Amino acid sequence: MKDGRRRGSPALALGAGLLLPGLGHALTGARARGRIVSAAAVAVAVVAVWYALEPGVPASARAWLALAAAPFWIAQALDAAACARGAEPGPWRLGLLAAVPIYAVGLRATEPNVGEFAARWTYVRPLFAGLASPDLIAPVLTTGSAQARVHTPCGPDEPRSAAPLPSAPAAPVIVADPPCVALGGRVTVRGSGFPPDAAVRVLWISSVGGESAAGAARTDPGGVFEATVTAPPDSVPQRIRERSPNVPQNQAVRALVELPTGRWGPSQTLSTVLSFLGVTVALSFLATLLAALFALPLAFLGARNLMGGRWWTRGVYRLVRGGMNVVRAVEPLIMAIVFVVWVDLGPFAGLCALVVHGVAALGKLFSETIEGIDPGPVEAIRAAGATWLQVARHGVLPQIVPPAVGYVVYRMDINLRLGTVIGLVGGGGIGMLLSQWIRKPDLLPQAGTALFVIALLIVPLDFVSGAVRERIADGRPLGPRWTRPVIYFAVAAMAVWSWRTAEVDLAKFWPVPDRVATIVRQLARPELVERGADETVASADLIVPCPAGFDETTGREAVPIGAGTLALDRGCANTGDGVGVVLSGLPPGAAVRLRWLFADGSGRLDAVGPTSAGQGSGDVGTVIEVRQIVEDRAAAAPGRPTQIEATVTVPAGPLRLSQPLRITLSKIVLTILMALMATTFGALLAIPLAFLAARNIMGTTVVGRAVYGAARLFLSTVRAIEPALLVQVFATWVGLGKPFPGVLALIGVTLANLGKLFSEALEDIDAGPVEALRGAGANRLQVLRYAVVPQVVPSWLAFGFYHWDINVRLSTIVGLVGGGGIGYHLSQWMNTTQWRKASVALLGIILVVTAMDTISARLRERLAQGVSRRPA
Amino acid sequence: MLDIRHLSKVYPDGTKGLDDVTFSVAPGEFVVIIGLSGSGKSTLLRCINRLIEPSSGQVVLDGVDVTAAKPGALRAIRRDIGMIFQQFNLVKRSSVLTNVLTGRLGSVATLPSVLGIWSAADRATALANLELVGIAAKADSRADALSGGQQQRVGIARALMQNPKLILADEPVASLDPATSHTVLDYLRTLNTERGVTVLCSLHFLSLAREYGTRIIALKDGRLMFDGLPRDIDEARFKAIYGEDAVEVEIR
Ligand SMILES: Nc1ncnc2c1ncn2[C@@H]1O[C@H](COP(=O)(O)OP(=O)(O)OP(=O)(O)O)[C@@H](O)[C@H]1O
Ligand SMILES: [Mg+2]
């Protein structure tokens, strides 16, 4: 890093550096170094300012932060002085010092709550128990049951004793004796034809269908039993008991025998999980197929080499590729939320999201494939006078089919994973089930089972799809010749089945419902700025109930509120009456909030008044009238009036950043910090795992191979669980909507992905130096340190940056399903249909994701250059 | 039948690929273009059917100005010009037959051809042409399963599908061993003599040029250096074309 001639005195550099980080370097001519120092200083400053502005940060924390930043400030000035002397100290120390304040803020801002982590373990333990010992199979039971009617109470002409019981019926039968009884009376239940020597449960079936246990018995060797039960007094709704106590109600008793058959079958949990998982499979399969079909023609329009001819073809190319890039940047989960609004909750919404995202992703891959094809055949066919379409069909298509099929298989893999989480936002499939189960403490074991089944589906899928893609890439056929028609048939059959299972309903899709148009209009107008507001409060009394001698018009008076007045259209009212609250003379654009202050001290925020301007006119100004219904509480303290308080908000003052924009900016920094924390800790955890999961490091001993296998299995299992699912787990564990569960989930993702990448880098090292050092007598650790680590560090760092980028992207998703950060606010705004605010968050996400993309690409480039320039 | 008039090509980076080249070709000739690597042979051949747009000058084929043709007309012209490439330019993953059939694309309707539907007559012609180049048995093999020489013969068969008046062959044998080179060039000569197809063929080796060409055109740095009969290339001319140190190599 030679920066050309150095000049300036060290003292000057020191002073300038202390004044403004980076300035000292600039003065000494160390421009490149200065730029990096300034960038680091800007990063520190942004984080510090952000933290200082966050609400609820104690002053002491700010002081500590200043203290943490000071060493960097001083060190960079000293560094500038050193540069002025012509020295060139290593950059690492400076980098570490800059990292200190950033990590300090990161650690505090992500609110790690280790105490909660430990304390709540008992709460989530059933989840992990379910994961460890999933409830997959259960004994198959044969059931025998019979039911008999009981009237409560008896009607006037009803028989008071039961018909006799048949002696050897073909199916179980019971009689209730007497067949009618008053509530609370006793009924004898006799049954016959049941399995011998079996436990019988007797249930009471109430008039509205509710079941309750009423008694138990055992059958004798002849399959006969007798039990006495009481007609539950509350089995008839209170209203009916009071109003018509003598009308007979239809109730029943049921006797039930459950016997194990000795066979085992899928448990109730497993059957439920499988049926939802079927939906996941169907919608991912169909989404992949449809995406491939739509992407193919688009890809031709998005291939530079095919669209180079005229200005307008180039235009089409730009349009198509640009469109694909934008759509690809929107996460499928976010799309799914939009489609849920469009086509309602359910698999179809998930399908739409996966198709749209898939078209963009596959389209880009297809286009790039087309751009990479051998131009020879294209030229040859063009030389033969072929048209554009003919060239595409005969010169291009045959060349791209194998790689394209590979990409489709790959996409299928991705879609299945996404299919497991799309339900978390209402898109159908297993995610929908899981998000419900995991919220209920008593269903946590079942949720664990669902997670287990998901891993069981995805882990092998990883291997299968990898093997298939490898075969395709090598140009090997997937099987003997006859498999081809079989595959075609299977795909067609799957498509038909998926179409049904995914509940495709094109009618919901088109015509576009009005609400979608509204949403789009609102999304197009992000709420970026707002005006400050003047608030004025006034309240009017309402006497409830109306005392004797008052009529409705008594006691009415107008109270001034701002420039206008507040009045009720009556001075007293009774419970259930309507009261008109009239605000007149308001300036245009005024918004009104009404609050009831009851005499007993309770309150009710009641109405957010219309904000539209221009009602009424002339000297009256805007008039707002809200009708309110008087409720019970108002009459609670007779004699003391209830107050109706109005708050009028009038926009005033200069434009300023809107609240959603301020939140978005703040949460974006938080999101980046979350990603940074997760990347750092995930990477640190990944390092030891990587060594354990590297075949060449673990050697060929039995223990070594076993550890290697276990580490690999662990990594691929964690990778099989989508980040959004991990968030569900951690949010259940340490609290919904906070950054901490999001960071934990990202750490899981990071350590699994980096563990794999790191270990592959380890396996790829040149064995030569290892051999040389071993030959020179180095021990295992020395070999690791001097022959292995130096070879992997550059690629590890590159992977690390790469994953930070991924984590920023993921942390938006993670927030959507309960992990804090910008995504959490986005989901809140979307769920409450505040689309103009959601639009701000979306813009922020797109911006930050694109920016991180660029920055991480730059950094990796730098790193690659640095690696190639430095001697080995 | 082919008139090249003051043809020049300047590449965007300023390289003069062709510099004011003028010559004409009579029907039935087998013209061999020779020259060092980078002398402009490929540029010349590709300018003739406008795979490369010439910068200036004219190409006139049977009285039709190729250089001025509109896209539709250009396709019609290309239909009559077969082209053979050094790298064969076959679609590797398609069958031999399909590759040969693609030679017909300039003449068949777009829709069926895009759907992969070919007339029985086209199929028959394709098989006949494969027969002609001696690899009919390989019709159903994938193109990349063939040897280099066989692939080039597929290339020739493909060009034959156009029933061309003129064949442009850009170093058709440069990727082949000597024996195979002769087979391939023999096919070209057969076409030339028996079907009366005019051939314009660039070759690297003078010895091959002498053997197969009825006429030789030499290029150097994009300029025409020689235009005459093979036997007229003597030692001095050889050195002028290939440089002082060059030695003539025999290909047998
Ligand atoms: N696309 C291009 N852009 C710029 N210059 C080019 C391009 N194609 C060819 N050239 C240059 O034009 C000149 C003529 O190239 P051409 O390919 O026609 O030569 P050639 O005689 O076919 O050579 P070879 O025997 O190696 O195939 C060369 O100097 C070459 O570098
Ligand atoms: Mg060439």
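Some ground rules first. Residues are numbered from 1 along each chain as its sequence is written, while chains are lettered from A and ligands numbered from 1 in the order in which they are written. Because the model is predicted, local features need pLDDT of at least 70 and side-chain atom pairs count only at pLDDT 80 or more, whereas totals for chains, interfaces and linings use all residues; side-chain values use heavy atoms, with hydrogens and water left out.

Chain A has a mean pLDDT of 83, and 93% of its residues get to 70 or more (pLDDT being the predictor's confidence in each residue, from 0 to 100). Residues 610-620 of chain A stay under 50, and the model gives them 18 contacts beyond four places in sequence (a contact means heavy atoms within 4.5 Å). Residues 867-872 of chain A are also below 50, with 1 contact beyond near neighbours in sequence.

As for layout, chain A holds 28 helices and 15 strands (DSSP runs numbered from the N terminus, with helices being H or I of at least four residues and strands being E of at least two). Its C-alpha atoms fill a box of roughly 115 × 85 × 70 Å along the principal axes. Of its 872 residues, 45% count as buried (under 20% relative accessible area, with exposed meaning over 50% and partly exposed in between, using a 1.4 Å probe and protein chains only). Among contacts in chain A with a separation of 6 or more, 75% link residues 24 or more positions apart.

Thr280(A) is 136 residues away from Leu416(A) in sequence, yet their C-alpha atoms are 6.9 Å apart. Beyond four places in sequence, the contacts of Leu416(A) include Val281(A), Ser284(A) and Leu457(A).

Then there is His151(A), part of strand 1 (residues 137-152) of chain A. His151(A) counts as buried because its relative accessibility is 17%. Its side chain makes a 2.8 Å polar contact with that of Asn250(A) (a pair of N or O atoms within 3.5 Å; within protein, one must be able to donate a hydrogen and the other to accept it, and residues adjacent in sequence count only if both atoms are side-chain atoms). The peptide bond between Thr152(A) and Pro153(A) is cis, with omega about -15 degrees, and Pro153(A) lies in the loop between strand 1 and strand 2 (173-177). Another cis bond runs from Asp177(A) to Pro178(A), with omega near 0 degrees.

Now for ligand 1. An oxygen atom of ligand 1 is 2.4 Å from an N or O atom in the side chain of Thr43(B), and a nitrogen atom of ligand 1 is 3.4 Å from one in the side chain of Tyr11(B). Taken alone, the ligand exposes 630 Å², of which the protein buries 63% (areas come from the Shrake-Rupley method with a 1.4 Å probe; for residues, only the protein chains shown count as cover).
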